[in-house]
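Reader: I would like to go through the helix packing and the aromatic contacts of this structure. Could you take me through them step by step?

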Amino acid sequence: MNESKCPVPKEQQPTNEFIELSKSKIFSWPKTKKSLIIILIKFWVGAFVLFLVISSGSVYFKTSLLKYILLSFFSSLSIPLLISIRLYLGWNHIFNRLISEKVEYEESGWYEGQVWEKPLVLKEKESLIASIEVKPILKNLIQIFSIISVLALTGILIFQHNNF
């Protein structure tokens, strides 16, 4: 953005917010689908081990080893699910700011809320960034979120309808 014409503080400009989010260690994970899947699997395995330890103290699960392992397996999906939701919310916020025709910003810490209409050139530039850079990330996150959700729902259904 042209510094002389833009009243929005530099750190609140959507393009700069996108750059900062891209540089963030956690929010850079979904830039490639493969790296995000690997990271989420690592969290899932770690959570599985943690859930195994936590549920090992239950007298109820000592009678059924299969139920004990399956419950830990499916409940550990909650960790990658929460991580993917957080990543989606962050990237979706940036996407909405990039495609918006107006920029909401704060000039000071008093939260008076100002609105600035983007010029056409900036709208086109940020719309291009949103469609080329951010939209594929959101698509990957939605796909991964869907897979995790289906696995979690499958686990719930297994426990609802089977007595083993």
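Predicted model: local features only at pLDDT ≥ 70, side-chain atom pairs only at ≥ 80, totals over all residues.

Reader: Let us begin with α2 and α4. At what angle do they pack?

Author: Helix α2, residues 33–55, and helix α4, residues 65–75, pack at about 135°, and their axes are 8 Å apart. That angle makes α2 oblique to α4.

Reader: Is the crossing of α2 and α4 left-handed or right-handed?

Author: The crossing of α2 and α4 is right-handed.

Reader: Which residues meet there?

Author: From α2 the residues are Trp 44, Phe 48, Phe 51, Leu 52 and Ser 55, and from α4 they are Tyr 68, Ile 69, Ser 72, Phe 73 and Ser 75. Sorted by class, the contact of α2 with α4 has seven nonpolar and three polar residues, with no charged ones.

Reader: Turning to the rings, how many aromatic pairs does the structure hold?

Author: The structure holds five aromatic pairs. One of them joins Trp 44 and Phe 73, which are 4.9 Å apart centre to centre with 45° between the planes, a tilted arrangement.

Reader: What does the pair of Trp 44 and Phe 73 tie together?

Author: Trp 44 belongs to helix α2 and Phe 73 to helix α4, so the pair ties together parts that are 29 residues apart in sequence.

Reader: Which residues form the aromatic cluster?

Author: Trp 44, Phe 48, Phe 73 and Phe 74 make up one aromatic cluster.

Reader: Let us move on to α4 and α6. How do their axes cross?

Author: The axes of α4 and helix α6, which covers residues 120–161, come within 9 Å and cross at roughly 150°. This makes α4 roughly antiparallel to α6. The crossing of α4 and α6 is left-handed.

Reader: What makes the contact between α4 and α6?

Author: On the α4 side it is Lys 67, Leu 70, Leu 71 and Phe 74, and on the α6 side Leu 151, Gly 155, Ile 158 and Phe 159. The classes in the contact of α4 with α6 are six nonpolar, one polar and one charged.

Reader: Staying with α6, is Ser 149 buried or exposed?

Author: Ser 149, which is found in helix α6, counts as buried because its relative accessibility is 19%. Ser 149 and Leu 77 are separated by 72 residues in sequence, and their C-alpha atoms are 8.4 Å apart.

Reader: What about Ile 132, buried or exposed?

Author: Ile 132 also lies in a helix, namely α6. At a relative accessibility of 51%, Ile 132 counts as exposed. C-alpha to C-alpha, Ile 132 is 12 Å from Phe 18, while the two residues are 114 apart in sequence.

Reader: Now α1, please. How many of its residues are buried?

Author: Helix α1 spans residues 14–23, and seven of its 10 residues are buried, so α1 is largely enclosed by the rest of the structure. The buried residues in α1 are Pro 14, Thr 15, Asn 16, Glu 17, Phe 18, Leu 21 and Ser 22.

Reader: What covers the buried residues of α1?

Author: The cover includes α5 (78–99), β1 (102–105) and α6.

Reader: How do α1 and α6 pack?

Author: Helices α1 and α6 pack at an angle of about 25°, with axes 10 Å apart. That makes α1 roughly parallel to α6, and the crossing of α1 and α6 is left-handed.

Reader: Which residues make that contact?

Author: Helix α1 contributes Pro 14, Thr 15 and Phe 18, and α6 contributes Lys 125, Glu 126, Ile 129, Glu 133 and Val 134. By class, the contact of α1 with α6 divides into four nonpolar, one polar and three charged residues.

Key. Residues numbered from 1 in each chain as written. Heavy atoms only, no water. Axes fitted to C-alpha atoms, helices over the stretch in contact; angles between N-to-C directions. Helix = DSSP H or I, 4+ residues; strand = E, 2+ residues; numbered from the N terminus. Parallel < 35°, antiparallel > 145°, perpendicular 65-115°, else oblique. Left-handed = near helix turned anticlockwise from the far one by under 90°. Contact = heavy atoms within 4.5 Å. Nonpolar A, V, L, I, M, F, W, Y, C, P; charged D, E, K, R; others polar. Phe/Tyr/Trp six-rings, centres within 6.5 Å; stacked < 30°, edge-to-face > 60°. Buried < 20%, exposed > 50% of the residue type's maximum accessible area, 1.4 Å probe, protein only.
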